[in-house]
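Dear colleague,

Please find below the structure that I am handing over to you.

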Amino acid sequence: MRVLVFGATGSVGGELVRQLEHDDVAVRAISRKPADAQVPDGVEVVFGDVDQPESIRAAAEGVDGAFVMTAGEDSAALRALAGAGVRRVAYMSALTVQTRPGYLIGASHEAAERNLVNLLPEPIILRPGQFASNTAMWRPMVATGTIRAPFPDVATPMIDPYDIAAVVRVVLLDPGRQHVGAAYPLTGPELISARRRVEVLAQVLGRDLRLVEIDQATAQAQMRLPEALAEAALELFGRPNAQETEVLTTVEDLLGRPAHTFGDWAERNKHLFL
């Protein structure tokens, strides 16, 4: 079997490539800059850009399945995969597709999901919530000992990208078709706030860390996003609805083991903060 992995140097794609190393699978990673892609030995790296659909089609020749995390304009990448004859595609969408239909954050995923189902014979949709790895954005602040964040006590079930990758591996390599057509919402196993994440990091790193609350306006000014998108992101992070604070068992159900906690992620990735 040959699997094509988009975003092979990202938090989920990178984990997936490493996990597939132990399977009888030929892994082909797609990158805009193949010469700079840091992937394990034995992984084939090819050029591909979702804005150049012909490159995706070329990269997908001879591929049995693919993990896709960005579909491009009008789902160009999905159309290219379909044109190359790829059958099974696991697409990483977002939890907001089902918790906030039509919301600015997630709208492109909604369109891609529809196209995935219409274009590919074996579509599989994964809808993770907030990533534990988003905490890596705190690295400069952790170095100073002070983390400045809005909504310090709002808790959501953040998911470890390792678990997302493990789910992708299961659904792509499944010899049957039990996952085909499924749309799986994915969360971590616990509700965790920014304040608690700071406490966990302090314990894992053996350091004194403190959290300073900032208001929404300050947080928005610090975000390198268009105003409407920044507002939508802060609304999502600061005022999650009931569905977005629900701890789901999907990861455990699919993997046969508990999902990783934020502490597990922090322990495995503490090198990022040292």
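A contact means heavy atoms within 4.5 Å. Not counting residues up to four places away in sequence, Val 63 touches Arg 2, Val 3, Leu 4, Arg 28 and Val 86. Please note that this is a predicted model, in which local features need pLDDT of at least 70 and side-chain atom pairs count only at pLDDT 80 or more, while totals for chains, interfaces and linings use all residues. Residues are numbered from 1 along each chain as its sequence is written, and side-chain values use heavy atoms, with hydrogens and water left out.

Val 63 is found in the loop between helix 2 (53–59) and strand 4 (65–68); helices (H or I, at least four residues) and strands (E, at least two) are DSSP runs, numbered from the N terminus. Val 63 has a relative accessible area of 5% and is therefore buried (under 20% is buried, over 50% exposed, and in between partly exposed, with a 1.4 Å probe and protein chains only). The C-alpha atoms of Val 63 and Arg 148 are separated by 45 Å, and the two residues are 85 apart along the chain.

The structure also holds two aromatic pairs. In one of them, the ring centres of Trp 265 and Phe 273 are 6.2 Å apart and the planes stand at 75 degrees, so this pair is edge-to-face. Rings of Phe, Tyr and Trp (its six-membered ring) pair if their centres lie within 6.5 Å; planes under 30 degrees apart count as stacked, over 60 as edge-to-face and the rest as tilted. Trp 265 is buried at 3% relative accessible area, and Phe 273 is buried at 8%. Phe 262, Trp 265 and Phe 273 form one aromatic cluster.

Yours sincerely
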